[in-house]
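Q: Please take a close look at one part of this model, the surroundings of its ligand, and then at the backbone features worth checking elsewhere. I would like the cut-offs stated as you go.

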Amino acid sequence: MDVEVIPAILVKSREELLAQIEKVKPSVTTVHIDIMDNVFVPNKTIGLEGLTNLPSGILYEFHWMVKDPENWISKVPGKHMHLVHVEAISDWNKIEKARVDGGEIGLAINPPTPIETLYPYIKNKAVKKVLLMTVNPGFCGQKYIPEVESKINALRAKFPELEIEVDGGINPETSERASEAGANILAASSAIFMAKNISEAVQNIYESGIRGRNKSQSCWCEKITEVVNVPKLITEPPKQTLLEIGSSVGVGATKVTDIKKLYLLSNNIRQSIVKMLHAAKSGHPAGSMGLADVFTALYFNVLNHDPKNPDWECRDRFILSNGHVCPGLYASMAEAGYFPKEELMTLRKLGSRLQGHPHRGTLPGIENSSGPLGQGLSIAIGMALVAKREKKSWRVYCVCSDGEHNEGQIWEAALLASKYKLGNLVAIMDRNNIQIDGFTEDVLPIEPLEEKYRAFGWHVINIDGHNIQQIISACDEAKTIIDKPTMIIAHTVPGKDISFMEFITAWHGKSPGDKEATTALEDLEEERKFYRDQEKE
Ligand code: DX5
Ligand code: ZN
């Protein structure tokens, strides 16, 4: 079985698309076009209007990361490969019927989804190609998830003739691993388009794919036995308490500028969140995990604050509107030194200062009480108005959720903020596409958010809510906008870095049990390795 390299194109406009195609056309036979609807994944790409009359002389595979693929495929006629996510299939017949002029259907699958989900389609529906995501879908430039290799293994063993593609974080190093595991098609974006010499980059990935494939054919069976052994679950409590593990980097109000250190801190905070919620046996992990990078950027770089003097007059004010994600806030404040980390274990306990929703006046450093949604922005505007009127230099930051935009009050507040040209106000929206009862666009569609806030007179910045550098740069950009409030739409993954939580709405308000907490800590320790290794470099 030969190895094939397919450049993955993730763009927002037709111009960009045509430009990327031109760049790779001399080196490959097929290109992979990512399509996202900002519902199935927290990002939006080029739409149908940009996909007609594409250049000839090259084959196209469309990677549909959309909630209703049948409604897209039917509008892109031609002998294309349509990769549909098994997680988005509601009615297979509709998908089949949607093909026009000889299109073919392949299946794509996200890292957390069990591989067995695909088997019936491969067996009965004659699906010849499967794409395994080796990152969580939504962005390019993410880190390859090695755990997916056991799924590739299982699939290759079961279906020796199947075309197995991998997509996400593919580069010469990871393509060798993925091919050794059994993949024969390698989709890559940043490793190709960021390279100085594109055809050389394609060649490098191809060669390492061949190396991996050659290695795999020699010891195929051995590998399988090895893979099926599930990891030993930690039953006895970890020797070093999580909080001790977490404090290796510790800082006060000094600004941390080393991005790797910041990621280690956000990992500490995620570990604390798991421990707290496990101990409390209730609470909200998905949003807390999703916002850990935003909290880290704020408490360790952006905010002017002093944990030793929470009421410092010149401090920036931080308002949390979606109060239920306070485990993330508490963990960040403890990490920054507002109170001892041991106190985190009292979350939701009677008499504790760390209640399920934050309470102003109980815990130093908490600027507002919250829980009932949609109110934080109003409070933040009140504070920003005072600062503006009294010519104070401190700024106001307000984190709110996307689901909160079901509340009318938040839009009234948005109107008022632009009326008073509050350039000292920054709102950060946790755009994770979920709320307690499902996907935001199912419950009450709020898009297009960007256009809405612009129309309300705000400066709007769209970012990857897990890219700490982007978070900091967006806050810096907001400081240059004097006469408008700024809305930073941070696209986040609910349950970020926890393999069994990511994108699963059920984890909005459920705490992890013993086994889940152990697995979650393992996931985070794995994440940590990546940064710790870099730290040593
Ligand atoms: C992610 C997309 C991938 C992505 C690959 O959801 O499906 O195709 O663009 O980008 P890299 O290769 O940079 O990880
Ligand atoms: Zn893709």
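A: Helices (H or I, at least four residues) and strands (E, at least two) are DSSP runs numbered from the N terminus. This is a predicted model, in which local features need pLDDT of at least 70 and side-chain atom pairs pLDDT 80 or more, while totals for chains, interfaces and linings use all residues. Residues are numbered from 1 along each chain as written, chains are lettered from A and ligands numbered from 1 in the order written, and side-chain values use heavy atoms without hydrogens or water.

Around ligand 1 there is a shell of 19 residues (a heavy atom within 4 Å), and the closest of them are Asp 34, Asp 167, Gly 169, Ser 189 and Ser 190. By class, this shell holds nine nonpolar, eight polar and two charged residues, where Ala, Val, Leu, Ile, Met, Phe, Trp, Tyr, Cys and Pro count as nonpolar, Asp, Glu, Lys and Arg as charged, and the others, Gly among them, as polar.

A backbone N or O atom of Gly 138 is placed 2.8 Å from an oxygen atom of ligand 1, whereas Asp 167 brings a polar side-chain atom to 2.6 Å from a ligand 1 oxygen, and for a polar side-chain atom of Ser 190 the corresponding distance is 2.2 Å. Ligand 1, which taken alone would expose 380 Å² (Shrake-Rupley, 1.4 Å probe), has 100% of that area buried by the protein.

Two elements give two or more residues to the shell around ligand 1, namely strand 2, spanning 30-36, and strand 3, spanning 59-65; strand 2 supplies the largest share, three residues. The loop between strand 2 and strand 3 holds Asn 38, which has a positive phi of about 60 degrees although it is not a glycine. Most residues other than glycine have a negative phi, and most peptide bonds are trans.

Pro 448 itself is in the loop that runs between helix 17 (440-443) and helix 18 (449-455).

Key
A polar contact is a pair of N or O atoms within 3.5 Å; within protein, one must be able to donate a hydrogen and the other to accept it, and residues adjacent in sequence count only if both atoms are side-chain atoms.
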